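Have the sequence and the structure open as you read.

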Amino acid sequence: MDLAAALGLGSSAAVAFVGAGGKKSAMGKLTVEGTDEGYDVGYTTTTAMPPPPNLPLTLTDPDGWRTDLKTRDPPIAVAREEVADPARVNRKVRGFEASVMEQLSDAGLFDWLLVKADGARKREFKAPSDGEPVVPSTATHVVPVASVAAVGEALTTDVVHRPERVADITGLRVGDTITAAAVGTVLTHPNGGLRNAPAEASVIPLVNKADTEPQRRIATDVLTHALSQTERCSRGVITSFASDICEEVSRSDVQEEKQR
C-alpha cells in the first residue's frame, strides 16, 4: 500500500509531521510517491531540519519566496537560512514561522506541501514541549509519528526526547519500561500527537520501524491503544521504510479485534 493512500492524501494536501522515529523518512517517501503521480511536492519545516539529500534546496526569505519559488521546478526543499554550527548533523537549515507557512500553503505553488513541524534529536519517541509542534493552521493532515523500537526500552533520553513529558502524559516514571500502551497514549493525547492539530485536519498516527513480524504485532498494539483513546482518528499506519512496508489499521479493525 502506498503511504499517500494510507494517509488519505488527495490531489491537494498540506501534511504536518510531528513526533519522532520516522518523520523525515515518511516525508521522503511521500516526495517520491507524489512526484511519481505527477504532483508538485514541496518539503519544508517550521523548525529546523537537515536538508534532504535527494532534493534541490532553495533558501529564501519570508518576503521573497513567491518570486524565488516560481523559478524552481518541484520537487524541492524550501527553507529560510542555514543554521550556524548545527549540533548532531553536518548541515541544518531553519524554516519559516507558521504564518509564512500558511501563506506558502495557500499560494498554490505545490500540490503537496510536506512540513516537519518539530524536532526529536534523532530519538525514537517523544512528547512535545509547550512551544511545539508548530503546525500551520492550513494543515489538512497531521501525522504523529513514533518508532516501535521505543517499546521495551527504558524511558530515558537514550531513546526518548523529553522523557519527563512522556511521563506526565502516561503516568510512567522516568526510567520505567516503555509499553505499547504508553506509546499509543502519547500518539493521540491532547498534549501529545494531537497538540496544536487544526480542528479540521485529519490526524493519522504512524508507527515506524516495524521491520519484523513481531515488531508489526507490537505496532498494531500501539495503534489499537492509540485509536481507542480518541474519536479524532479513524485509522493509523504501520510502516517499515527499510523493508517497504505500509499497512493501515482502521478503527473498525480495532473494534472487531475487541469483539473476538
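**Cavities, pockets and packing**

The count comes to 1 cavity of 30 Å³ or more. The model is a predicted one.

**The cavity**

- The largest cavity is lined by 15 residues. Closest to its centre are Gly-19, Lys-126, Val-186, Gly-192 and Gly-193.
- Four elements are listed as giving two or more residues to this lining: strand 1 (13-19), strand 9 (125-126), strand 10 (141-147) and helix 6 (180-187).
- Strand 10 gives the most, with 3 residues.
- What classes of residue line the largest cavity? The lining has 10 nonpolar, 3 polar and 2 charged residues.

**The largest pocket**

- The largest pocket has a volume of about 650 Å³.
- Its lining takes in 31 residues. Nearest the centre lie Lys-24, Gly-119, Ala-120, Arg-121 and Lys-122.
- Helix 2 (residues 23-36) supplies the largest share of that lining, 3 residues.
- By class, the lining of the largest pocket divides into 8 nonpolar, 9 polar and 14 charged residues.

**The second largest pocket**

- The second largest pocket holds about 150 Å³ of space.
- Which residues line the second largest pocket? They are Lys-24, Gly-28, Thr-31, Tyr-43, Pro-50, Pro-51, Pro-52, Pro-53, Asn-54 and Leu-55.
- Helix 2 again gives the largest share here, 3 residues.
- The lining of the second largest pocket divides into 6 nonpolar, 3 polar and 1 charged.
- Lys-24 is on the lining list of the second largest pocket, and Lys-24 is also among the residues nearest the centre of the largest pocket.

**Overall fold**

- The protein has 8 helices and 15 strands.
- Its radius of gyration is 18 Å, close to the 18 Å that the globule rule gives for 260 residues, so the protein is as compact as a globular protein of that length.
- Taken along the principal axes, the C-alpha atoms fill a box of roughly 55 × 35 × 35 Å.
- Buried residues make up 50% of the 260 residues.
- Among contacts with a separation of 6 or more, 69% are between residues 24 or more positions apart.

**The aromatic pair**

- The count comes to 1 aromatic pair.
- Tyr-39 and Trp-112 form this pair, which is tilted. The rings are 5.0 Å apart centre to centre, with 40° between the planes.
- Why does the pair tie together parts that are apart in sequence? Tyr-39 lies in the loop between helix 2 and strand 2 (41-45), and Trp-112 lies in strand 8 (residues 112-116), so the pair links parts that are 73 residues apart in sequence.
- Tyr-39 counts as partly exposed because its relative accessibility is 25%. Trp-112 counts as buried, at 2% relative accessibility.

**Ala-146 in strand 10**

- Ala-146 is placed in strand 10, the element that gives the most residues to the lining of the largest cavity.
- Is Ala-146 buried or exposed? Ala-146 is buried, with a relative accessible area of 0%.
- Leaving aside neighbours within four places in sequence, Ala-146 is in contact with Ala-20, Glu-124, Phe-125, Val-183, Leu-187, Leu-206, Val-207 and Asn-208.
- Ala-146 and Leu-206 are 60 residues apart along the chain, and their C-alpha atoms are separated by 6.6 Å.

**Pro-205 in a loop**

- Pro-205 is found in the loop between strand 12 (202-203) and strand 13 (206-208).
- Pro-205 is buried, with a relative accessible area of 0%.
- The C-alpha atoms of Pro-205 and Arg-235 are separated by 7.5 Å, and the two residues are 30 apart along the chain.

**Thr-185 in helix 6**

- Thr-185 is found in helix 6, an element that gives two or more residues to the lining of the largest cavity.
- Thr-185 counts as buried, at 15% relative accessibility.
- Not counting residues up to four places away in sequence, Thr-185 touches Ile-169, Thr-170 and His-225.

Key: Residues are numbered from 1 along each chain as its sequence is written. This is a predicted model: local features need pLDDT of at least 70, side-chain atom pairs count only at pLDDT 80 or more; totals for chains, interfaces and linings use all residues. Side-chain values use heavy atoms; hydrogens and water are left out. On a 1 Å grid over the protein atoms alone, a cavity is a set of points where a 1.4 Å probe fits but cannot get out, and a pocket is an open set with protein on both sides within 12 Å along at least five of seven lines; lining residues have an atom within 4 Å of a point. Grid points are joined across faces, edges and corners, and a volume is the space filled by probe spheres set on the points. Ala, Val, Leu, Ile, Met, Phe, Trp, Tyr, Cys and Pro count as nonpolar, Asp, Glu, Lys and Arg as charged, and the others, Gly among them, as polar. Rings of Phe, Tyr and Trp (its six-membered ring) pair if their centres lie within 6.5 Å; planes under 30 degrees apart count as stacked, over 60 as edge-to-face and the rest as tilted. Buried means under 20% relative accessible area, exposed over 50%, partly exposed in between (1.4 Å probe, protein chains only). Contact means heavy atoms within 4.5 Å. The radius of gyration is taken over C-alpha atoms; the globule rule is 2.2 Å times the number of residues to the power 0.38.
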